Amino acid sequence: MKSIESILEIQKIKENIAKYTKTPISARLVNELKPSKDFNYLNNEFLKLKEMMEITSSFGDLPIKGELDMYEEIQYAKKGNVFDELKLNLIKSEIQNTVEVIKYSMWIDYDTKYLENLFVGLKADELLYSKISSAISIENKVKDSASKELAEIRQKLAYFNREIHNTLVRLMSKYHDKVTGDNFVIRNGRYAIPINTGLKASVEGIIQDVSDSGQTTFIEPKEVLALENEMYVYELKEKDEVSKILSELTDLVVENSSQLIKNNEILGELDFIDSKAKYAKEIDANIPLLTKEYKLSLVNARHPLIDKDVCVPNDFRLGNDGKTLMIISGPNAGGKTIALKTVATLCYMVKLGLAIPTHIDSVVPVFENIYAEIGDAQSIESNLSTFSGHISNLSVIFQYITSRDLVVIDELCNGTDPREGEALSVAIAKFLIEKKSISLISSHYPLLKKFGFTNDHVLNASFLFNEKTVTPTFKILLGVSGKSYGFLISKKFGLEQSIIDDARNIYESSFENENDRKIAKIDEKERYLLQKEEKLKSRQEVLASLREELNKKDKELRDKENKLKGQKIDKFDVFLNDKYNEIMNIYQEFMKTKDLKKAEAKLDKINVKKKKNENITINDYVEIKTLGIKGKVTRMNGNKVTITSSDGFSFNATKDLCEIIEAPKQALKSTINIDKFIMGQKSVSHSLNLVGYHIDEGIAALDKYLDDCILQGLKNVKVIHGFGSGQLKKAIHEYLKTKKSVKSFKLGDQLDGGPGSTLIELK
């Protein structure tokens, strides 16, 4: 008998989760994941998973990465082994990763009630991190500065390297008429010069090699030999000193092993929960409501191993109103087996603490055991037929089932004499009802369908079949039994019509009586009504969705209207406040000087009434009265004009704020001291917050901000756009692609606001 995990292909689900793991511990936890019967434990696991799904959705992925199982590494060191440079750098990375996760936990603005115990348990060993960093380079080499002794040894080694190189160069020149190559070589790990074999006696040294042709002898000169021997002594000293440094660092790691192991385990568990959350997102899963009552309600349930875009969702409800047994009937290849596997698999996933691909309103009990008899039970080894194997498996299951279990059986009692099979199937159905276990069985047997039709503890269900196209819909209908459509399918696949007609007559005369026909008609009418009800329900859902969408858009429009009104009022308030301050300044000056003409002239300048009959055209000279700016009109677009001042700066305004003035008699050419101008500007922030802006407002604000940044000489700035619907972020990125002053841009990392911000590098 196959294991339940094998029947339900649970290993494939684990493999899909494991794809998201980033640490060895997390991968091990996924592989060792076992079902639980403990309601409180599973409820707590789901609460942690729910928090993880919510915080990663809002604040981005956990910054977890790691290659070590610290417990195994510490055990390795405690046996007297020493960590090499690579392993020490990985331990340093583990500490750095701990710091990053601690920062992430402090950054998120969310009540992590159930993950808090994990986050607070993380403590980074900054001293150990510093010790490793100061001793080991990022290239996994012990640094010269790791110790005074090592620095001196490596200075000596560098000296000998130079001396050996210089000596070889000198000897190559000395024996230029005897060498057969352009440069010295290394043979057997020693330096040598290539000498013509016939002249080798003229060079003192040790022969290290001879060429294949025999014409060249590679000799290690005696001058180099002495230097290499001295260098070898220092190489041994270097090796000893490096070993000493690595040993001291290993001892330091072991001394701090308790917290390192704890951090490693916490990061592994967080990664494990995060992997489950990522898998839930992949299959569009939700966390169901756990119940201590043995009542099952799966809404819009899908099988996790079938593509969510092609899988047809179905509802399954059992345990209410005393209905504990569902009998599923319908045509072959119509979806019955998948339906049984879906229910069993989802209930098993709940026991594993995994989110399931159903609607969030689903309710699932924690079944003590899940039994499944699905597929061909034929056993060659045991010399059992399909039917024998099937009954053998059922006999084992029936010894143990209770009201706290889930039982699913595919094609109950198939493979034997149909009349005996029918009788057995009804008897088994009665047995399951007596045991009060939540059970689902599939069958074609008419007697079993009839039993379900008359028993209050049975919920009949069937898969809808498109009789026009003779194709299954894979949509289940609760409350009615289904037809097998054998005659219809036979016709579709080419069986002679005369044979089909004859078969139908035989069936009606041999297996149907008046009561059967009445039941079939009632069942047909009920199926018709339920189908209409399903269509009505579907239309109501569409209407409800449209109504919700309309309400949402209506609210957005009202919010936008109120915001625009508020912005206009705010701008007008600022405008009035500025004018009030100007007038008060003029008044105070007048009280001091009593110069009425001067005061009137200044008051006339801040007159903001619209000018009538101003026929402004390009090349006219105008003055923006409210700003005191004069210039030439260089561009017009409707009521908007662009004015270029004598200093070369451009300003935008509307016609009603402009007054035509006389052109200057002589255009003054002036140069701008850019440094002085920039120094005179107000300080520009390194970040711009556009959260809450509409796209057109945000882009306008960003355009001005980048111009200010360029004038101030800023190179690296940040724009905060938040998460929202992502439309503002998309518009900002499209705009940045067109901005020539932008060198590059990317989404912020975890410490810069994550995906809710964009980092910009200016040219």
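1. First, the ground rules. The model is predicted, so local features need pLDDT of at least 70 and side-chain atom pairs count only at pLDDT 80 or more, while totals for chains, interfaces and linings use all residues. Residues are numbered from 1 along each chain as its sequence is written, and side-chain values use heavy atoms, with hydrogens and water left out.

2. The overall make-up. You'll find 22 helices and 23 strands in the protein chain. Both are DSSP runs numbered from the N terminus: helices are H or I with at least four residues, strands are E with at least two. The chain has 763 residues, and 39% of them count as buried. Here buried means under 20% relative accessible area, exposed means over 50%, and partly exposed is in between, with a 1.4 Å probe and protein chains only.

3. Surface and contacts. The accessible surface comes to about 43900 Å², with 52% of that belonging to carbon and sulfur atoms; areas come from the Shrake-Rupley method with a 1.4 Å probe, and for residues only the protein chains shown count as cover. As for contacts (heavy atoms within 4.5 Å), take those between residues at least 6 apart in sequence: 65% of them join residues at least 24 apart.

4. The largest nonpolar core. A nonpolar core is a set of buried Ala, Val, Leu, Ile, Met, Phe, Trp, Tyr and Cys residues joined through side-chain atoms within 4.5 Å. The largest one has 70 residues, and Leu 270, Leu 298, Phe 316, Ile 328 and Leu 440 have the most contacts inside it. Helix α12 (residues 336-351) gives the largest share of this core, 9 residues. There is also a second, separate core of 23 residues, including Leu 68, Ala 135, Ile 245 and Leu 252. As background, nonpolar side chains in soluble globular proteins tend to be buried together.

5. Ile 328 and Phe 463. Start from Ile 328 and look beyond four places in sequence: its contacts include Lys 336, Ala 339, Leu 340, Leu 440 and Phe 463. Phe 463 is in strand β13 (residues 458-466). Is Phe 463 buried or exposed? Its relative accessible area is 5%, so Phe 463 counts as buried. Along the chain, Phe 463 and Ala 339 are 124 residues apart, yet their C-alpha atoms are separated by 9.7 Å.

6. Helices α5 and α11. The axes of α5 (residues 70-78) and α11 (residues 257-282) come within 8 Å and cross at roughly 155 degrees. Axes are lines fitted to C-alpha atoms, for helices over the stretch in contact, with angles from 0 to 180 degrees between N-to-C directions. Where they meet, Met 70, Tyr 71 and Ile 74 of α5 face Ser 257, Leu 260, Ile 261 and Asn 264 of α11.

7. Val 253. Have a look at this residue in helix α10 (residues 222-255). Val 253 is buried at 0% relative accessibility. Beyond four places in sequence, Val 253 touches Ile 74, Phe 83, Leu 88, Ile 91, Leu 128 and Leu 260. Phe 83 is 170 residues away from Val 253 in sequence, but 9.4 Å away in space, C-alpha to C-alpha.

8. Val 101. This one sits in helix α6 (residues 85-107), and Val 101 is also buried, with a relative accessible area of 0%. Outside four places in sequence, Val 101 contacts Pro 63, Ile 64, Phe 119, Leu 122, Leu 267 and Leu 270. From Val 101 to Phe 119 the C-alpha distance is 7.9 Å, across 18 residues of sequence.

9. Cysteines. With a disulfide taken as a pair of cysteine sulfur atoms within 2.5 Å, the count is 0. Cys 347 is buried at 1% relative accessible area, and Cys 413 is buried at 0%.
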